[in-house]
Amino acid sequence: VCVPFGTLEDSLRALAAHLGPGHLVLDVCSVKVRPVRALERLVPSGTAWAGTHPLFGPTTLKLNERPLRAVVTEGSSPDAEGRARAFYEALGCEVLQQTADAHDRCMAESHLAACFLAEGLINAGFRTDQPFVTPSFRSLERVMAGVAAEADHLRAAVYQGNPYAKGARERLLAALLAIDRSLDVPPPRRSAPGARLPDTTDAAKLELTNARTDSDALDQALV
């Protein structure tokens, strides 16, 4: 059932009258907790079903990345899950098996996080056509291009369809704000020459900062 997350339940209701014991019903939504509940509730008893997520689509297929991967989550029975796995393996996919809950937690900290950051960069006007950029920004540029090309219904699934989406967004925003606030704090004063710093992680960072400052000064003198 290859439909947007928001129309899955209506599609399953329309499909129900045509299903029988010989069928296997799979969904391909990029979130899994809510689709699996819908399959369990709306697929008629006696018809096999399983929640699945092929981790590729029109945009990523253009990159020709291999291996293709697919996730199989809970099904109506172990046999249905095995048939779903065999279906994807026959297509040449590497198949991972997870619970729907574990899948959505993982997606909130991977797909959602990447989309959220990339969308922020795009909306803030960060350009990808600068005269020169660092390799790290090239990696972000690829994510930004992927997010810009994704369909609106996928965005809705990523942000609204995942029960862990809100928590992941809040954690990420809180961390970014904390980093931003820390950048406004004046750097600690340097210790006197020869003074030994306490053996702590913060002290080690300060020692490294001081060493880099000395290195920069020497570099400038040499230039």
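Two strands are said to pair if DSSP finds at least two bridges between them, and helices (H or I, at least four residues) and strands (E, at least two) are DSSP runs numbered from the N terminus. The model shown is predicted, so local features need pLDDT of at least 70 and side-chain atom pairs count only at pLDDT 80 or more, whereas totals for chains, interfaces and linings use all residues. Residues are numbered from 1 along each chain as its sequence is written, and side-chain values use heavy atoms, with hydrogens and water left out.

**View 1. An open sheet is built from four strands in the order β1-β2-β3-β4, with mixed pairing.** The strands β1 (24–27) and β4 (94–97) stand at the edges, and because each has a single partner strand, one side of each is left without a neighbour in the sheet. From one strand to the next, the twist averages 30°, where axes are lines fitted to C-alpha atoms, for helices over the stretch in contact, and angles run from 0 to 180 degrees between N-to-C directions. Strand β2 (residues 48–54) and strand β3 (residues 69–75) run antiparallel and are joined by four bridges; threonine 52 has valine 72 in β3 as its bridge partner. In general, the strands of a sheet pair through backbone hydrogen bonds, either parallel or antiparallel.

**View 2. Arginine 69 and glutamate 94 form a salt bridge, with their closest N and O atoms 2.8 Å apart.** This pair links distant parts of the chain, since arginine 69 lies in strand β3 and glutamate 94 in strand β4, 25 residues apart. A salt bridge is defined as a side-chain nitrogen of Lys or Arg within 4 Å of a carboxyl oxygen of Asp or Glu, and a search of the whole structure finds twelve of them. Arginine 69 counts as partly exposed at 34% relative accessibility, and glutamate 94 counts as partly exposed at 34%; buried means under 20% relative accessible area, exposed over 50%, and partly exposed in between (1.4 Å probe, protein chains only).

**View 3. In helix α9, glutamate 170 and lysine 166 are four residues apart and thus separated by about one helical turn.** Their side chains form a salt bridge whose closest N and O atoms are 2.7 Å apart, and glutamate 170 is partly exposed, at 43% relative accessibility. Elsewhere, Glu9, Asp10, Arg13 and Arg41 are linked in a network of salt bridges.

**View 4. A nonpolar patch on the surface is formed by Leu117, Leu173, Leu176, Ile179 and Leu183, with about 470 Å² of accessible area together.** Its largest share, four residues, comes from helix α9 (residues 165–183), and leucine 173, which lies in that helix, is partly exposed at 42% relative accessibility. Patches are made of residues with over 30% relative accessible area and no salt bridge, with like charges joined within 9 Å and nonpolar side chains (Val, Leu, Ile, Met, Phe, Trp, Tyr) within 5 Å. Accessible areas come from the Shrake-Rupley method with a 1.4 Å probe, and for residues only the protein chains shown count as cover.

**View 5. Cysteine 93 is in no disulfide, and a search of the whole structure finds zero disulfides.** A disulfide is a pair of cysteine sulfur atoms within 2.5 Å, but the cysteine sulfur nearest to that of cysteine 93, in cysteine 2, is 13 Å away. Cysteine 93 is buried, with a relative accessible area of 8%.
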